[in-house]
Amino acid sequence: MEYLEYKFSDETYEVDVDLKLNTQVIPRRGSFKYLGSIIQGNRKIDDEVSHRIGARWMKWRLASCVLCDKKMPPRPKGKFYIVVVRPTMLYEAEYWPVKNSHVQRMKVA
């Protein structure tokens with residue numbers, strides 16, 4: 001069992017307080033994965049952007065037999081990329097508070 005302390009504002013609160021259940025100390029995490037997304041306690045999305053870029057590359061590797069097939073015409077390859085690979089990277093991106101650096105990383109990927 002672990003917990004995530006999420007900072008909803010920049011106000012400082014009492015730090016270094018251990019959460020205990022009976023006598024067992026429950027460890028604190030800085031981020032965790034929930035429904036395929038990385039949630040960070042510091043309200044940043046850097047880990048989520050890196051995770052989505054990695055997921056996109058995994059889909060690319062799985063689909064490379066289709067995308068790199070010389071016998072397949074370019075048009076179906078493009079449609080396959082748009083339908084399968086690109087949405088993997090942009091999953092839930094409409095909710096992100098993006099910065100220019102995040103946009104640039106996504107474009108490079």
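This is a predicted model: local features need pLDDT of at least 70, side-chain atom pairs count only at pLDDT 80 or more; totals for chains, interfaces and linings use all residues.

Modeller: Residues are numbered from 1 along each chain as its sequence is written, and side-chain values use heavy atoms, with hydrogens and water left out.

Biologist: Which pattern does the protein follow when read along the sequence?

Modeller: Helices (H or I, at least four residues) and strands (E, at least two) are DSSP runs, numbered from the N terminus. The protein has three helices and six strands. Read along the sequence, the pattern is β-β-β-β-β-β-α-α-α.

Biologist: What percentage of the residues in the protein is buried?

Modeller: Buried means under 20% relative accessible area, exposed over 50%, and partly exposed in between (1.4 Å probe, protein chains only). Of the 109 residues in the protein, the buried share is 21%.

Biologist: How far apart are the end C-alpha atoms of helix α2, and what span should its residues give?

Modeller: The expected span of a helix is 1.5 Å times one less than its number of residues. Helix α2 covers residues 74-89, which is 16 residues, so 22 Å should result. The end C-alpha atoms agree with this, being 21 Å apart.

Biologist: Where is the kink in α2 centred?

Modeller: The bend at a residue is the angle between axes fitted to the seven residues ending there and the seven starting there. In α2 the kink is about 35 degrees, while α1 bends by about 40 degrees at Arg61. The kink in α2 is centred on Tyr81.

Biologist: Against which elements do the buried residues of α1 pack?

Modeller: Contact means heavy atoms within 4.5 Å. The buried residues of α1 include Val49, Arg52, Ile53 and Arg56. In α2, Lys77, Val85, Thr88 and Met89 are buried, and their cover includes α1 (46-67) and α3 (100-108). The buried residues of α1 pack against β6 (37-40), α2 and α3.

Biologist: Which residues make up the largest nonpolar core?

Modeller: A nonpolar core is a set of buried Ala, Val, Leu, Ile, Met, Phe, Trp, Tyr and Cys residues joined through side-chain atoms within 4.5 Å. Beyond its neighbours within four places in sequence, Met89 is in contact with Ile53, Trp96, Met106 and Ala109, among others. The largest core has seven residues: Ile45, Val49, Ile53, Met89, Trp96, Met106 and Ala109.

Biologist: Is Trp96 buried or exposed?

Modeller: Trp96 lies in the loop between α2 and α3. Not counting residues up to four places away in sequence, Trp96 touches Ile45, Glu48, Val49, Arg52, Met89, Tyr91 and Met106. Because its relative accessible area is 13%, Trp96 counts as buried.

Biologist: What is the relative accessibility of Arg52?

Modeller: Arg52 lies in helix α1. Leaving aside neighbours within four places in sequence, Arg52 is in contact with Gly36, Thr88, Met89, Tyr91 and Trp96. Arg52 counts as buried because its relative accessibility is 7%.

Biologist: What is the phi of Asn22 near?

Modeller: Asn22 lies in the loop between β2 (19-21) and β3 (24-26). Asn22 is exposed, with a relative accessible area of 75%. Its phi is positive in a residue other than glycine, near 60 degrees.
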